[in-house]
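These are notes for a colleague opening this entry. Please keep the sequence and the coordinates side by side while going through the points.

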Amino acid sequence: MAQIPQYLLTAEQELEASGERTTTDPNEIDIYYNAQTTALNELEQKFLHGEDLGIHATLRDSEGNVRDLYTGAFDLKSSQPDIPTLTADWEQKIKAVPIAMGSDGTYLASGEQLIASVGLSPTYDFKSVYDHCSGSTRLADETTLGAFCSATPNLIYINQNSRNWTYDVTGSYYPNAVKHELAHAMIYRICGTTAPALRVDHEALTNSYATLYFGAERDVLNSGAQNAPWYTMTDASDTAAQLVHDGHCSISAD
């Protein structure tokens, strides 16, 4: 699951403050706030379905590199990242990790090896993700096994308090779920966002990326989507994953 950066919450609070107004006409209040609610609901649905939000933003990192968050394009102070080299490197390293049950009867070690293979770190302090990113409105913590937060791009959050933890970590779903989180991390590195505007749900896109490029098992990930259908892979999500892999992070609105 991809988390929404904390700075978006700050923006929301600023929007709420700027939206304060005074009137003696109750109908005016109803009309105004109904319009605001409708607009926000439409924006949320566009985000969840990978559609263009009509917002242009850039992000500057500590080295002065600037990324266009819509197109994924770089205007770098240093050299532009070699995306093809990076993707090939991650694919080779992740696929090289042997997936096997450990002596403790779980796949926990395999998950840690997958994460470490590309220089990332697991953290089992799942609640700490909320220091940086907001939670999903679609899944509760108790049904969330893992998370990636773009504000802490070198961490994969693992939730050992999830409702099905014992079942998940002792089965093949666990390493596949870890590959899903690693796919979030790679998509972010390519596009500067975990939800590129490619007209598919970003979670289905991420499952497709993990399957096509990290060796995740399609049937296993799709079976885990039974209670969360937005994770279900389709031909469209596979096509979107291929676009991202090739460095295309948006499509025209035609």
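1. In the loop between which two helices is R199 found? R199 sits in the loop between α6 and α7; helices (H or I, at least four residues) and strands (E, at least two) are DSSP runs, numbered from the N terminus. The phi of R199 is near 65°, a positive value in a residue other than glycine. Most residues other than glycine have a negative phi. R199 counts as partly exposed because its relative accessibility is 44%; buried means under 20% relative accessible area, exposed over 50%, and partly exposed in between (1.4 Å probe, protein chains only).

2. On the origin of the coordinates: this is a predicted model, in which local features need pLDDT of at least 70, side-chain atom pairs count only at pLDDT 80 or more, and totals for chains, interfaces and linings use all residues. Residues are numbered from 1 along each chain as its sequence is written, and side-chain values use heavy atoms, with hydrogens and water left out. The pLDDT is the predictor's confidence in each residue, from 0 to 100. Its mean over the chain is 82, and 68% of the residues reach 70 or more. Confidence is lowest in strand β4 (residues 74–75), at a mean of 50, and highest in α4, at 98. Where pLDDT is low, the predicted coordinates should not be read in detail.

3. On the overall make-up: the chain has 9 helices and 8 strands. Of its 254 residues, 42% are buried. Among contacts (heavy atoms within 4.5 Å) with a separation of 6 or more, 65% join residues 24 or more positions apart.

4. On the largest nonpolar core: a nonpolar core is a set of buried Ala, Val, Leu, Ile, Met, Phe, Trp, Tyr and Cys residues joined through side-chain atoms within 4.5 Å. The largest one has 41 residues, and Y174, L182, Y209 and F214 touch the most other members. Two or more residues each come from α3 (83–96), α4 (108–117), β8 (155–158), α5 (165–169), α6 (173–191), α7 (202–214) and α9 (235–245). The helix α6 gives the most, with 11 residues. Apart from this core lies another, of 6 residues, among them V129, C133, A147 and Y157.

5. On F214: leaving out residues up to four places away in sequence, F214 touches W90, E91, I94, K95, K179, L182, A183, M186 and Y209.

6. On α4: its buried residues are L108, S110, G111, L114, I115 and S117. The elements covering them include α3, β5 (121–123), β8, α5 and α6. After α4 comes G119, whose phi is positive, near 80°.

7. On S128: this residue lies in the loop between β5 and β6 (133–134). Is S128 buried or exposed? S128 counts as buried because its relative accessibility is 15%.

8. On S172 and V220: S172 has its place in the loop between α5 and α6, while V220 lies in helix α8. At 34% relative accessibility S172 counts as partly exposed, whereas V220, at 15%, counts as buried. The two are 48 residues apart in sequence and 7.7 Å apart in space, C-alpha to C-alpha. Not counting residues up to four places away in sequence, S172 touches Y107, E217 and V220. With neighbours within four places left aside, V220 is in contact with S172, Y173 and N176.

9. On the second largest pocket: on a 1 Å grid over the protein atoms alone, a pocket is an open set of points where a 1.4 Å probe fits, with protein on both sides within 12 Å along at least five of seven lines, and lining residues have an atom within 4 Å of a point. This pocket holds about 720 Å³ of space, where grid points are joined across faces, edges and corners and the volume is the space filled by probe spheres set on the points. Its lining has 31 residues, of which T143, D168, Y173, G224 and A225 lie nearest its centre. At least two lining residues each come from α5, α6 and α8 (218–223), and α6 gives the most, with 6 residues. By class the lining has 14 nonpolar, 13 polar and 4 charged residues; Ala, Val, Leu, Ile, Met, Phe, Trp, Tyr, Cys and Pro count as nonpolar, Asp, Glu, Lys and Arg as charged, and the others, Gly among them, as polar.
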